[in-house]
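I'm opening my notebook for a new structure. I'll jot down what I look up as I go.

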Amino acid sequence: MPRILEVADLSTHFRSAAGEVRAVDRVSFHVDEQETLGLVGESGCGKSVLALSLVRLVPPPGRIVSGRIIYKGRDLMTLTEREVRRVRGREIALIFQEPSTALNPVFTVGYQIAEGLIVHKMMRRKEALREAARLMEVVRIPDPGRRAGEYPHQMSGGMRQRVMIAMALACRPSLLVADEPTTALDVTIQAEILDLLRSLKREYRLSLILISHNLGVIAETADRIAVMYAGRIVEEAPAHDLFASPKHPYTAGLLRSIPRLGEAGPEDGGRKKRLAAIEGSVPDLTMLPPGCAFGPRCPDVMPECRERVPGLHPLGARDRAVACFKHHDAEGRPR
Amino acid sequence: MSPGEAGRPLLQVTDLKKHFPIRRGIFSRVAGWVKAVDGVSLGIAQGETLALVGESGSGKTTTGRCILRLLEPTSGGVTFDGVDLLSLPPGAMRRMRRQIQVVFQDPYASLNPRMRVGTIVREPLDIHRIGANRRERDEMVAALLRRVGLDPGMRNRYPHEFSGGQRQRIGVARALALRPRLIVADEPVSALDVSVQAQVINLLIDLQEEFRIAYLFIAHDLAVVERIADRVAVMYLGQIVEVAARAEIFRNPLHPYTRALLQAIPIPDPARARERQVLRGDPPSPAQPPPGCRFHTRCPSAVEACPRIEPPLVEVAPGHWVACHLHPGPGVGR
């Protein structure tokens, strides 16, 4: 499949009292057509800022300081603000975690879905509202004709997230960026929304970037996975390979530390099984250690890890890459 | 025998109800009731962990708050070590609080930001006048901080100087200070980063073994619950729909809602593509629960009786209780 998006060396920094914060630090990755890339990371790793950077929506005091964002062959960084606005929504659509803050409380949800069609597709109001009701049916909102007249506060979180998805789909984008789309939802509703996203992706031939801290959500949705830690991608691999044999000590630690159903086992002499925790905590981006940001928590840390930041280098044949001195030397040569 | 009785219970909750009025208009006329908790019975033995599981609106947090008497229940009974908590006068209840402590979900909101960490942990000792003097209490604080994995040298810092996981450890140290026999832990790890959750779960398990504390562990994440619980109670719209021992409920869930909840959990393993019955529709509002079985509007196996008759919670196997017409149990017609 050809590439729909290629991001190279993207950095987004924030100016703060504590100095320059590198929320996204020289990140490179790509998304193929009709592929789902899972972007996984914990709080403060920069995954949401990365999502906003892709459509140049970084709020001040943040700014993109370098990099290229090649979407269908065009570098979005070279476009004017007006041109980027045409790409946003029409080509690349975003869905956020908290639909209640992304929706306008004073307009009906039907109108909010129709608005994009009126603005971007020059549809007439009546026609756009009819299309909005049809889209609500597509995202499996029961009784769409009636519910199109409701305001966001009259809907549950799950229904609001469906409205967000309908808004995102309205202009038939090619790439959907979904940032923690199910995190605020109950687990049974989460299952419905993920099911919906998967079937819409097939139906609309979408490419999808799914951002989540939940490895289960990522495992069930993504074809390929990029793992972020402290503003950088530390590992990238096809989903099966990443879960079967993680190469970065952070990825490995993360996979070991999550409780999985059915693995609690019988109690061992009256003692419950402990989880394999990663020591320490997620670093504050304003106080990163020198060298590899995971170094202070890493069980395999070596002296050079404390001096230099390892780059992301390819590993073996199969579309894998890792940023760790266990696997490459400082020049990127395999060890 | 009530659902959840395990030997002589330390805590026994009987037919607990908490109904909140819905007020409308300028005279705040009561227009209806939200039955947040509607007839919950459960028991917890010394040193045992009962997990109370459910989604938002299930009433699990309200149940915890009624037990702590942070909310006054509408009706029902709560006895702790044989003492009826609901009829205790305020003074006696305060003394009882030494034995029943709480850990909240959000370590960012539950610690006073203007207090030093040492003071936060020492406060319950001060209030209950434990230890001969301030110095002795400070030594206890140091020991508590050390026990939860924090450096006592950090006691003069403020909560904002700590990470989420460390703050939750501070919350645990404070709860532990009075050597309680029961800790109500309301979603204690769900606000934490994935890589930090495991540390706090392990700490809670360690402390329980060491001090024989009983936990009422309120949570929505069943994978976490499977690690820590001895027994599990599943709530839906204010009622318990199933109770069983941990291994039993995970191996042999009977209520369709419990099954749906288990199936809905995304599995962190792409090699295990899974069969899933996705539930349709949202949970109904607790202000207008459906008649009959409250789950029937979303139930994939609802039968004719479900919308008409509310199924009672019956013991279908030793220690395994379920409220579902599909599992009438041996005691039917008794």
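This is a predicted model: local features need pLDDT of at least 70, side-chain atom pairs count only at pLDDT 80 or more; totals for chains, interfaces and linings use all residues.

**Entry 1: strands in chain A**

Strand E10 (residues 232–238) of chain A and strand E12 (residues 321–322) of chain A run antiparallel and are joined by 2 bridges. Looking across from E12(A), I found Glu236(A) opposite Ala321(A). A reminder to myself: strands of a sheet pair through backbone hydrogen bonds, either parallel or antiparallel.

Next I wanted the whole sheet. In chain A, 8 strands make an open sheet with mixed pairing, and I wrote the order down as E6-E7-E8-E3-E9-E10-E12-E11. Strand E6 (92–95) and strand E11 (313–314) of chain A are at the edges with a single partner strand each, so each has one side without a neighbour in the sheet.

**Entry 2: chain B as a whole**

Then I moved to chain B, where I noted 9 helices and 12 strands. Its radius of gyration is 21 Å, close to the 20 Å from the globule rule for 334 residues, so chain B is as compact as a globular protein of that length. I also noted the box that its C-alpha atoms fill, roughly 70 × 55 × 45 Å along the principal axes. Of the 334 residues in chain B, 50% are buried. I checked contacts too: among those between residues at least 6 apart in sequence, 65% join residues at least 24 apart.

**Entry 3: helix H4 of chain B**

Does the length of this helix agree or disagree with 1.5 Å a residue? Helix H4 (residues 134–147) of chain B has 14 residues and should span 20 Å; its end C-alpha atoms are 20 Å apart, so the two agree.

Which residues of H4(B) are buried? They are Arg137(B), Val141(B), Leu144(B) and Leu145(B). They cover an arc of only 95° around the axis, so they sit on the same side of H4(B).

The buried residues of H4(B) pack against helix H3 (117–127) and helix H5 (164–176) of chain B. On the face turned away from that buried side I listed the exposed residues Arg135(B), Glu136(B), Glu139(B), Ala143(B) and Arg146(B). After H4(B) comes Gly149(B), with a positive phi near 90°.

**Entry 4: a loop residue**

Last, I looked up Val303(B), in the loop between helix H9 (256–264) and strand E11 (314–317) of chain B. Val303(B) has 12 C-beta neighbours inside 10 Å, so it counts as exposed. From Val303(B) to Leu326(B) is 23 residues in sequence and 8.2 Å in space, C-alpha to C-alpha.

Conventions:
Residues are numbered from 1 along each chain as its sequence is written. Chains are lettered from A and ligands numbered from 1 in the order in which they are written. Helices (H or I, at least four residues) and strands (E, at least two) are DSSP runs, numbered from the N terminus. The radius of gyration is taken over C-alpha atoms; the globule rule is 2.2 Å times the number of residues to the power 0.38. A residue is buried if 20 or more other C-beta atoms lie within 10 Å of its own, exposed if 12 or fewer, and partly exposed in between; C-beta atoms are placed from the backbone. Two residues are in contact if their C-beta atoms, placed from the backbone, lie within 7 Å. Two strands pair if DSSP finds at least two bridges between them. The expected span of a helix is 1.5 Å times one less than its number of residues. The arc is that of the directions from the helix axis to the C-beta atoms.
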